[in-house]
Every structure is written in structure tokens, then in C-alpha cells.
Amino acid sequence: MILESITHLSYLLAAALFVFSLRWLNRPDTARRGVLAGVVGMCAAIFGTIITPEIVNYHWIAIAAVAGILVGIPLSRVPLTAVPQRTAISHAFGGLAAGLVGTAKYIIWLDEGTLNGVRVAVISLEIILGYLTFTGSLMAAGKLQEVIPTRPITYPGQNVVNFILLGIAIAASVGLVMNPTAWQLFPVIIVLALIFGVMLIIPIGGADMPTVIALLNSYAGLAAVAMGFLLDNQLLITAGALDGASGFILAVIMCKAMNRSFTNVLFGAFGQAPKQSAVVAEAKPVKSAQAFEVADFLTHGSKVAIVPGYGMAVAQAQHRVREIYDQLTQRGIEVYFAIHPVAGRMPGHMNVLLAEAEIPYDSLVEMDDINPEMPQMDVCLVVGANDVVNPAARSVESSPIYGMPIIEADKAKLVVAIKRSMNTGFAGIDNALYTADNTLMVFGDAKKVLDEIASAMRESSH
Ligand code: NAP
């Protein structure tokens, strides 16, 4: 009785901490607290579960815990740029766990003769969502890691085939609900769900993969809700619902920020965007500058905007950016970081890197707030950003990124863009910003170039 009360209290504490965690993760200055709240919440949830009197044997739990720790530690050490695929692997584990729990429950209840229609309906939902999340997430991780082709693989009638597969799985589930002991249908549902997960991801292109991962997060959450009903565990229902809803909201936010329609991401094979419709930048000459010249421009302005992008993450140049920030602010120059919601390869990517370099949060300005200020910026320093500053999104209707909101770097008085070459960014399209009259290019690795600019600034201050 006492143990039961402690379990309920632990679950209550865990549920509250999960809600606060999501809330705090919303802002960079409270994000650490959010992570801590999530960790403490999960510890409370595990504690509340392992003290329940129904557990009679701890051996398997100990083995599973050791296996989880052994897999979890290396997973926590991946570089930030690999976090999307790492997250996909976590979802695969979540989906597999839900699928296996559903399978175990079916076998146990079949054995005990306690299966009924409602139980089988919930189990079916759980195993379909769980197993499709498992294979779908593995496919997504493979595409992001480029161990399997990242391009969408499509064939005529693809969505029809997928819907037929799902339809058969649902029909088999209905058959099982009507006749719960017809166990032969059970493996059919599992196999179809596993195949459907693969088929769902095949037609989706690499560019949409991070959005799909948010969606798979949502499926894993829904599978956890079903698992919570099966195990009569309210905390699983709460946590699964939070997971499902937050994954869905994130997917919608990402679609909006990239101007992708939700159906296009979900059903890649339907009315695919003409992805690589060649948008050729005007063959204008590129004007390049030396680091010392850039240092001069930066220090002679009064307002500077810095637009970080994926290249800053690749070069790990955030600490050099911080140095430039320090040098400029010491001279009384106002510095703003213009943050695009999908700069980099995951939501919040730039915020995390800039926070790592301890750049004050109040210097980070969101796209909608910085854009009206852009014409007042004396210099806009673009550090490894490409698609998120591509004016084609505003003006070239045939461009795959047409309609995507961008940081309007081109409206600054002077643009300095740092990147290694004239290569394209994630969307694979040319960028007319680099050949604009008010743009100077500095070619090279962002870290190295920023180092040179910072040392030129230091010299000029002596
Ligand atoms: P981007 O368009 O991918 O461009 C990054 C640029 O960085 C490249 O053109 C590259 O040019 C340069 N670069 C790479 N390594 C560099 C280095 N070491 N030093 C200097 N420059 C380097 O990046 P973005 O402007 O941040 O845009 C993000 C893209 O990812 C968008 O298309 C967005 O839709 C997509 N996306 C984002 C998310 C998300 O959640 N954030 C999710 C899905 C998709 P060089 O090779 O010439 O150096």
C-alpha cells in the first residue's frame, strides 16, 4: 500500500517535471534546467516503476538496464551535426520497445485466455505504430548518415501500394479484434508494419528527413500511449501524449519554416516538388575580399548582423564568432545574431552552438524581428549560411525554395559571406546573394577565416 502510494507520487512528480522540461527547453537561458528536469523526471519514473510489488524478478531488469547504458553512452557522444540521425535511432528503440511490449502482452493474454476485443484493438494500434516507427526511424537514420541513398526513391503507384499495405494490416487487426485468438494474423500485422515503415521513408528526400524524424517522434509517442493503456500505466500515457504532441508540433513548425507542405513531406511520392529545377544564378563575377579588409569594414560600422549557418557548425567556428563579437562590442558596435529557424540541420542548431560559445542570449534575434532592421545594418556577416539567405526564395518562382522565409541579408548595406567555395547548400541551388553588387566573398574554412579577421582586428586596435 505504502509502495503503491510512493509509486503514484513518483509518477506525479515525473509527469510535472516532463511538462516543465518541455517548457524550459523552449528558451536557451532555461534549456539546461529543462534537460535536468527531464533527467530527474525520468529517474523518478524509473524509481516509481521498479518498486512496484508486481515485479518479482529483477534479473532481466538489471540486464536490460546494463544493455541500455552500454548503448546510451556512445550515443550521447555523437557530434552535434549527427544529432538528427542519433535522434532517429532513439526513436527506433522506442518503437521497437512498444512493439515488443505489445507482442509480449498478446502472447501472455492469449496464454491466460484473457484476450478481448478492446485489448486486441489497443495491442494492434501499438504494434503497428511501434514496428513502423522502428523500421522507419532506422531508414531515416540511414539516409541522414548517408549509408543508404538520400534521394527520394519513387515509382508509379507508390502511394497506392503503401496504402494497400497499411490497409491489409488494418484489416488483419480488425479480423483479430473480432476473433482475438486467431493468432495467425498477429505475425502478419507485424511484418506488414515493418515493411510499411521502410516504404514510408523510401520516397522521402534527404531534405525532408529531419521533419520526418519529428513526425516519427510523434508516432513513437502515440505507440507509448497505447502501451500505457495496455500496462495500465498513467505515466506512460502522459509522457507518450507529450511526446506525440510535441513531435507533431515540431514537424509543423519545420514545414512552415521551409515552406514545405505537410502532405508533400508525408507522402513524398505525391506531387513531388520539382526538386532540382536548375535555378542558375546570373553569371556575374564574384567579388572577393581579404580578411584584413573585412576587419576594416566591420570595425568602421556601427551596426553588424551575423547570420550563422550550417557551415559554422561544420567548421565549429562558434568560438571564433564569439571573438569577433567581443572585439566589435568592445568598440561600441552593436552586434545582432540573425537566427533562421531551420539554419543548420536541426531546429535550434545555431542557438545551441552560440550558447556553447557563451554569446549572450539577448544578442540572438529571430528572423521576423531582424528582417525589418536589415537595411540599417552596416555589415551583414554570413558565416557558412546559404539557403537561409538565398533571395531566390523571394523572387524565383521556379526555385524549390520559393516561398521559404529567409533572413534578408541582401538588404544590408554590405554583405560579407564566408564559405569555402561557390558550392550549393542543402537545397542544391545557386545563390545570387554571392554575386550581388553589395556582396564580398571570403573563401575558406569559416574557423580559419574568422581567425584571420579577428587577428586583423586585434592588430588594428594596437
Ligand atoms: P546550407 O544551405 O546547407 O549551406 C551551408 C553552407 O556552408 C554551404 O553552402 C557550404 O558551402 C558552407 N560550408 C560548409 N562547410 C563549411 C566550412 N567548414 N567553412 C565555411 N563554410 C562551410 O545551410 P543553411 O543556410 O544553414 O541552411 C540550412 C538548410 O538545411 C536549409 O535548406 C534547410 O531547409 C535545411 N534543413 C534544415 C533543418 C533544420 O532543422 N535546421 C532541417 C532540415 C533541412 P561550401 O561548401 O562552399 O563551403
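Leaving out neighbours within four places in sequence, Leu298 is in contact with Val304, Ile324, Leu328, Ile333, Val379, Leu381, Ile453 and Met457. The model is predicted. Leu298 also belongs to the largest nonpolar core, which holds 68 residues.

**Nonpolar cores**
- Within the largest nonpolar core, the residues that touch the most other members are Leu298, Phe337 and Ile453.
- Helix α17 supplies the largest share of this core, with seven residues.
- Another core, of 36 residues, lies apart from it and includes Ala141, Ala169, Met199 and Ile213.
- In soluble globular proteins, nonpolar side chains tend to be buried together.

**Helix α1**
- Helix α1 runs over residues 2–24, and at 1.5 Å a residue its 23 residues should span 33 Å.
- The end C-alpha atoms of α1 are 32 Å apart, which agrees with that expectation.
- Thr7, Ser10, Tyr11, Ala14, Ala15, Leu17, Phe18 and Ser21 are the buried residues of α1.
- These buried residues pack against two helices, α2 (28–50) and α9 (234–258).

**Ser461 and helix α17**
- Ser461 is part of helix α17, which comprises residues 446–461.
- Is Ser461 buried, partly exposed or exposed? Its relative accessible area is 47%, and because this value lies between the 20% and 50% cut-offs, Ser461 is classed as partly exposed.
- Ser461 and Gln327 are separated by 134 residues in sequence, whereas their C-alpha atoms are 9.3 Å apart in space.

Definitions and conventions:
Residues numbered from 1 in each chain as written. Predicted model: local features only at pLDDT ≥ 70, side-chain atom pairs only at ≥ 80, totals over all residues. Heavy atoms only, no water. Helix = DSSP H or I, 4+ residues; strand = E, 2+ residues; numbered from the N terminus. Buried < 20%, exposed > 50% of the residue type's maximum accessible area, 1.4 Å probe, protein only. Expected span 1.5 Å × (residues − 1). Contact = heavy atoms within 4.5 Å. Core = buried A, V, L, I, M, F, W, Y, C linked by side-chain atoms within 4.5 Å.
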